[in-house]
Amino acid sequence: MAGEARHQGALISAGVLLGTGMGGFVDGILLHQILQWHNMLSSRLPPTELVPMKINMFWDGLFHAFTWLMTAIGLGLLWRAGQRPEVPWSTRTFLGSLSIGWGAFNVVEGLIDHQLLGIHHVHPGEGQLAWDIGFLLFGALLIVGGGALVRAGRDDTLPRGVVPPVL
């Protein structure tokens, strides 16, 4: 495909939305459900009785609906990108985009829910600020690492279906 324009944007946008959804699912499934460290409103409405538990469960459900929607839109964008010949099918670009999306989820959710609104914390109690900062730092590292992978993926121009030569 020499001389033909190559566009990473379609693959990047699909990966970022999928990464956002996947990051949200890790948060919701691992931190909310498996470890039961917090719920969406647990700092404002501690789930210590049935009614507050039900309210928190409802808001957790809305949160999961959002992450599902991001994942579904990302899959749709990935499908469309896969049908466009000018979009390089780069593993580095895709994994980098997933990482950027997950990292962006952590940073936005961590800044808004943990710091600004204070509706919940990663692991409430003693040391909660350290957990919250760790969550933000992990997100920042995912963004930086993902950006490096996306930049490296700019060199990936091999058309889909072509096997690279073995040296």
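Trp59 lies in helix α2, where helices are DSSP runs of H or I with at least four residues and strands are E runs of at least two, numbered from the N terminus. This is a predicted model, in which local features need pLDDT of at least 70 and side-chain atom pairs count only at pLDDT 80 or more, while totals for chains, interfaces and linings use all residues. Residues are numbered from 1 along each chain as its sequence is written, and side-chain values use heavy atoms, with hydrogens and water left out.

**Exercise 1. Describe the surroundings of Trp59, beginning with the residues that it touches.**

Step 1. Once residues up to four places away in sequence are set aside, Trp59 touches Met40 and Leu41, a contact being heavy atoms within 4.5 Å.

Step 2. For Leu41, which stands 18 residues from Trp59 along the chain, the separation of the two C-alpha atoms is 7.4 Å.

Step 3. The relative accessible area of Trp59 is 39%, and the residue is therefore partly exposed (buried is under 20%, exposed over 50%, partly exposed in between, with a 1.4 Å probe and protein chains only).

**Exercise 2. How many aromatic pairs does the whole structure hold, and which parts of the chain does the pair of Trp37 and Trp131 link?**

Step 1. Searching the whole structure gives four aromatic pairs, where rings of Phe, Tyr and Trp (its six-membered ring) have centres within 6.5 Å, and planes under 30 degrees apart are stacked, over 60 edge-to-face and the rest tilted.

Step 2. One of them joins Trp37 to Trp131 in an edge-to-face arrangement, with 4.8 Å from centre to centre and 70 degrees between the planes.

Step 3. This pair links distant parts of the chain, since Trp37 is in the loop between α1 and α2 whereas Trp131 is in helix α4 (residues 128-153), 94 residues apart.

Step 4. Trp37, at 22% relative accessibility, counts as partly exposed, and Trp131, at 37%, counts as partly exposed.

Step 5. In the pair of Phe58 and Trp59, the ring centres are 5.8 Å apart and the planes lie at 85 degrees, so this pair is edge-to-face.

**Exercise 3. At what angle do α1 and α2 cross, and is Thr67 buried or exposed?**

Step 1. The axes of α1 (residues 9-34) and α2 (residues 50-82) come within 8 Å and cross at roughly 155 degrees; each axis is a line fitted to C-alpha atoms over the stretch in contact, with angles from 0 to 180 degrees between N-to-C directions.

Step 2. The two helices α1 and α2 are therefore roughly antiparallel to each other (angles over 145 degrees; under 35 is roughly parallel, 65 to 115 roughly perpendicular, the rest oblique).

Step 3. Thr67, which has its place in helix α2, is buried, its relative accessible area being 0%.

Step 4. Apart from its neighbours within four places in sequence, Thr67 is in contact with Gly21, Gly24 and Phe25.

**Exercise 4. Place Val87 in the chain, then summarise the chain as a whole.**

Step 1. Val87 belongs to the loop between α2 and α3 (91-116), and with a relative accessible area of 1% Val87 is buried.

Step 2. Val87 and Thr157 are 70 residues apart along the chain, yet their C-alpha atoms are separated by 8.8 Å.

Step 3. The secondary structure of the chain consists of four helices and zero strands, and buried residues account for 37% of its 167 residues.

Step 4. Of the contacts between residues at least 6 apart in sequence, 78% join residues at least 24 apart, and the C-alpha atoms fill a box of roughly 65 × 30 × 25 Å along the principal axes.
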